[in-house]
Amino acid sequence: MLTTRHVVAILFFAATLVGCAQTPVQHWFPEKTENGELLTLGRLYQTADFYPTPLAPMRWSSDGSGYTTVEKTLGGEAIVRYHPQTQKRTVLISADNLTPKGESRGLGIADYHWSADSSKVLIFTNTKRSWRTHTLGDYWVYDRNTDTLLKLGGNAEPSTLQFAKFDPQGQRVAYVMKNNIYVQDLGSAQIQQLTFDGNDIIVNGTFDWVNEEEFFLRDGFSWSPNGSQIAYWQLDTAGTPLFTMINNTDQLYPTLKQFPYPKVGETNASMRIGVLPASGGDTTWMKLPGDPRQHYLVRMQWAANNEQLLIQQMPRSQAINIAFLADVENGEVREVIRETTDSWADYNDEVKFFGRGEAFTWLSESSGYRHLYRVDSASGRSQAITQGNWDVIEVLQIDQTDGWVYFIASPETPLERYLFRASLDGSGKLERLTPAQAGSHSYRLSAGAEYAVHTYSSVTSVPVTAMISLPDHKVIRVIEDNQRVQDNVDDLALADFNFFQVEARDGLKLDGFLMTPHDFDPTQSYPIVFYVYGEPWGQTVANTWGGERFMFHQYLTQQGYIVASIDNRGTKSPRGFEWRRSIYKNLGDITVRDQYDALQQMLKRWSFIDSDRVAIWGHSGGGTQTLNALFRYPDDYHVGIALAPVPDLTLYDTIYQERYSGLLPESAKRYQETSAITHAENLEGELLLVHGTADDNVHFQGSERLVNELIKHGKQFEFFAYPNRTHGIYEGEGTTLHLRTMMADFLREKLPPNR
């Protein structure tokens, strides 16, 4: 559920454009009005007119003197270098260099990494999914000094290697293959197997489904700074129940897919972390306290030396995050930081060490807001680097030489994103580097932060990417302006878009947006369609380019609908600890109450909203909230479209759901009360329920249970199952166009607009 909310949109767009090449394009002729062109779903989903050009993988050089990227050429793909100031272009590795013997074209580059001295490059290609992300593939090393191309893994089966990475000296590469760790010498091509117990149950150097999805744990091993050792996770999935999915479409007879998937209250995999010599030998296991099946090891990294690891551990409840320093020689551990909450603690991705590990940075919400601290490794004492009633959203770089930390924040409004830097000495010195340009700004900084690749977008501006200098933020060169897409958007009869705030019943202010038709008449009454997400891993109300969903909403406004969205409490908005934790054990309850309160306030404020024509739709967590809105407030929500929802919260995985809803059996009553299926008998409006049968994230099983419950209570509804589609419901020719057309048709039938 987590990654879908952020990644599926990208896959969604990619699948759409792939479909363009395979599916006959519907004939469309833009109908023009005095306010601009009218959008058709055929144009939106069968052309590339409204999809910005994706940026190729880019890497800054270690000294910040240039960056490399991938560019298409006649023979395949090449890696080129640009000077950040002069923008001089140099082809470092041509497509010919990356063409294996006997092949006519060079390797396709899904990703690439340089060795420390930039003499070699590691190419990831021919990728496929492991669980939900493309972590399996082939790896090749090109040596610029010898002009040689080596495929790693020897005679390994295609697309079976994972997470290959150079050692610090660039002489060896380690990788995972079939749940074991290997090291390959690049000079001799000799392969050394380091672990031998990996199989379908024991997992070395990578992770099971639930840890990949919910903790973003994928790459499960790390070289020591001197390259003599490798630290790695090992999981034992024995006892974790297997989930079975049926594929009815690809072969004459159904086939089964099974994988360990711990639902709420079920047995997790045990986790441990060990260190072994990179030349082979025995593993020294870190002696972390507690039952390994009742604790999570959420992060691990070398402590800027060859003697220690920093390991973050959480109990199953996730109410505590403890940082341990572990001695890799004997496995002994020492607690350095303990963060305890009454709800859930966050793991920390912002740990950067000073020197050889005498101190490190730590992101904490202990003040009530998310701020950066410097922690002394010996004593655990911390000193605030940033302070204030606002959140640090993302740490981009720690520049120890000049004494700055660069990070993303937006102290004035949670709707936008800007670049700041603060002094590492704790003096409180703070500088905003982004100019006063309302919207969302993201950055990829060079070493030393002298330059950055900057991407800007807003609700009405498609992403524009440029090379800039810092700290003056001067544009050196526009890398991608996406003017083609911007022109196509500007030619449309666009909705009027406005941000606003309303108050929940307890006075808490909620952010929202409102889109009204291009020919809007405030004396008329309009049906309204709410887009909802409402869970902790997303924010729907933000001043950023909204992509496909924003364009679909433009289409709906042209059909005569008002479109709105509300961020209820608990969503991923930078509004402090209490905002985010207030929904603990209340998902589906207080979250939807906020949505209802917002609707009531909007009806009082704007007479042009028809209180008898209110619809709501959402995907994944938003599908769940849609069900709750229909079932809990049947007199106020008249039409709902729920895509891939979780009707029964006990059917979802341990890590995500127990984090926000608590443990069984003590929280059993809250699970029952906050699950939409409990209230299904209250359905009065029109419901369209949609799910993919191959959804390995939010299982089709949940919608089937809801169908049975609605049937039991004699409730009529519409149900559509997409065969063998996963959580994003995008695979297959024409799927996206079909889904959005079905949604639009359902709205027109059940909630007819004025026109």
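Colleague: Which residue in β32 is the bridge partner of Ile 408?
Modeller: Leu 419 is the bridge partner of Ile 408. Keep in mind that this is a predicted model.

Colleague: How many bridges join β31 to β32?
Modeller: Six bridges join them. β31 covers residues 404-409, and β32 covers residues 418-423. The two strands run antiparallel.

Colleague: What sheet do they belong to, and in what order do the strands come?
Modeller: An open sheet of four strands, in the order β30-β31-β32-β33. The pairing is antiparallel.

Colleague: Which strands stand at the edges?
Modeller: β30 (392-399) and β33 (430-432). Each has a single partner strand, so one side of each is left without a neighbour in the sheet.

Colleague: And what does the twist average?
Modeller: From one strand to the next, the twist averages 25 degrees.

Colleague: New topic. How is the protein divided into domains?
Modeller: Domain 1 is 41-51 + 485-750. Domain 2 is 56-193, and domain 3 is 196-344.

Colleague: What distance separates the centres of domain 1 and domain 2?
Modeller: 41 Å, taken over C-alpha atoms.

Colleague: Let's look at Ser 343. Where is Ser 343 found?
Modeller: In the loop between β25 (333-340) and β26 (353-354).

Colleague: Is Ser 343 buried or exposed?
Modeller: Buried. Its relative accessibility is 6%, and buried means under 20%.

Key: Residues numbered from 1 in each chain as written. Predicted model: local features only at pLDDT ≥ 70, side-chain atom pairs only at ≥ 80, totals over all residues. Heavy atoms only, no water. Pairing = 2+ DSSP bridges. Axes fitted to C-alpha atoms, helices over the stretch in contact; angles between N-to-C directions. Domains from an automatic or database assignment. Buried < 20%, exposed > 50% of the residue type's maximum accessible area, 1.4 Å probe, protein only.
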